[in-house]
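Here are some friendly notes to read beside the model. Take them one at a time, and find each residue on screen as you go.

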Amino acid sequence: MKRSLVKRIAILAAVAVLGMTAAACGGKAAETGTAAALTEDEYVAKTQELSQAMADAVTNSAAVDPSDVEGAKKMIEELKTPFVEFAALTAPEKYADTQAKYKTGCEAMIEYLDMCVDMMDPEKAAELDMDKLTSLLTTIQNDFTEAASLMEAAGN
């Protein structure tokens, strides 16, 4: 059990690093659910906040006791928050395509994190679709990479 939990946390950390790297190019906090678009500066600051949240998650994941399944679940649940908030942003027109890619990447990350929590439950773990997990990782990587490229192009 300990070994598989450590593997799961390692996978989570790797994905968090991926998210952090992709978000590094780019948004300030807007209220979740707000219809008004952020300014360009606010959006760029918000992407930087997401990047910092991912860096913090990687740091915090190292402190999780591998035998503490509930602690690991709590950490993963908390990790979803920045992705939920970022997906709900309304980007300025200049970054609309960027936000569309970040949004689908964030949604895939949230689903991936939910699956990570499910992996810690022996009954649910037996039913997990590992192909779906792999597909989500591919979506996360592709969408965040493409969003970072779009962000960079829009900033020029």
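1. Let's start at a helix end: which backbone nitrogen does a side-chain oxygen of Asp129 reach at the start of H6? That nitrogen belongs to Asp131, and the oxygen comes to within 3.0 Å of it. This is a polar contact, meaning a pair of N or O atoms within 3.5 Å; within protein, one must be able to donate a hydrogen and the other to accept it, and residues adjacent in sequence count only if both atoms are side-chain atoms. Asp129 itself sits in the loop between helix H5 (122–125) and H6.

2. Before going further, a word on what you are looking at. This is a predicted model, in which local features need pLDDT of at least 70, side-chain atom pairs count only at pLDDT 80 or more, and totals for chains, interfaces and linings use all residues. Residues are numbered from 1 along each chain as its sequence is written, and side-chain values use heavy atoms, with hydrogens and water left out.

3. Now the overall plan. The protein has 6 helices and 0 strands, giving the pattern α-α-α-α-α-α along the sequence. Helices (H or I, at least four residues) and strands (E, at least two) are DSSP runs, numbered from the N terminus. Of the 156 residues, 41% count as buried. Buried means under 20% relative accessible area, exposed means over 50%, and partly exposed lies in between (1.4 Å probe, protein chains only). By that rule Asp129, at 43% relative accessibility, is partly exposed.

4. The buried residues of H2 are Tyr43, Lys46, Thr47, Leu50, Ser51, Ala53, Met54, Ala57 and Ser61. Looking down the axis of H2, you will find them within an arc of 155°, so they line one face of the helix. The arc is taken from the directions from the helix axis to the C-beta atoms. Asp41 and Thr59, on the other side of H2, are exposed.

5. Stay with Ser61 for a moment. This H2 residue has 9% relative accessibility and counts as buried. Ser61 and Met75 are 14 residues apart along the chain, with 7.3 Å between their C-alpha atoms.

6. Next, the largest nonpolar core, which has 39 residues. A nonpolar core is a set of buried Ala, Val, Leu, Ile, Met, Phe, Trp, Tyr and Cys residues joined through side-chain atoms within 4.5 Å. Tyr43, Ile76, Phe83, Phe86, Tyr102, Tyr112 and Leu113 touch the most other members. The elements giving two or more residues are H2, helix H3 (69–87), helix H4 (96–119) and helix H6 (130–155). H4 supplies the largest share, 11 residues.

7. How many aromatic pairs does a search of the whole structure find? There are 5. Rings of Phe, Tyr and Trp (its six-membered ring) pair if their centres lie within 6.5 Å; planes under 30 degrees apart count as stacked, over 60 as edge-to-face and the rest as tilted. Tyr43 and Phe86 form a tilted pair, 5.9 Å centre to centre with 40° between the planes. Tyr43 is in H2 and Phe86 in H3, so the pair ties together parts 43 residues apart in sequence. The centres of Phe83 and Phe144 are 6.2 Å apart and their planes are at 10°, so that pair is stacked. Phe83 in H3 and Phe144 in H6 are 61 residues apart. Ring pairs link Tyr43, Phe83, Phe86, Tyr95, Tyr102 and Phe144 into a cluster.

8. Finally, find Asp143 in helix H6. Is Asp143 buried or exposed? Asp143 is buried, with a relative accessible area of 9%. The side chain of Asp143 makes a polar contact with the side chain of Thr104 (2.5 Å). Not counting residues up to four places away in sequence, Asp143 touches Lys101, Thr104 and Gly105, where contact means heavy atoms within 4.5 Å.
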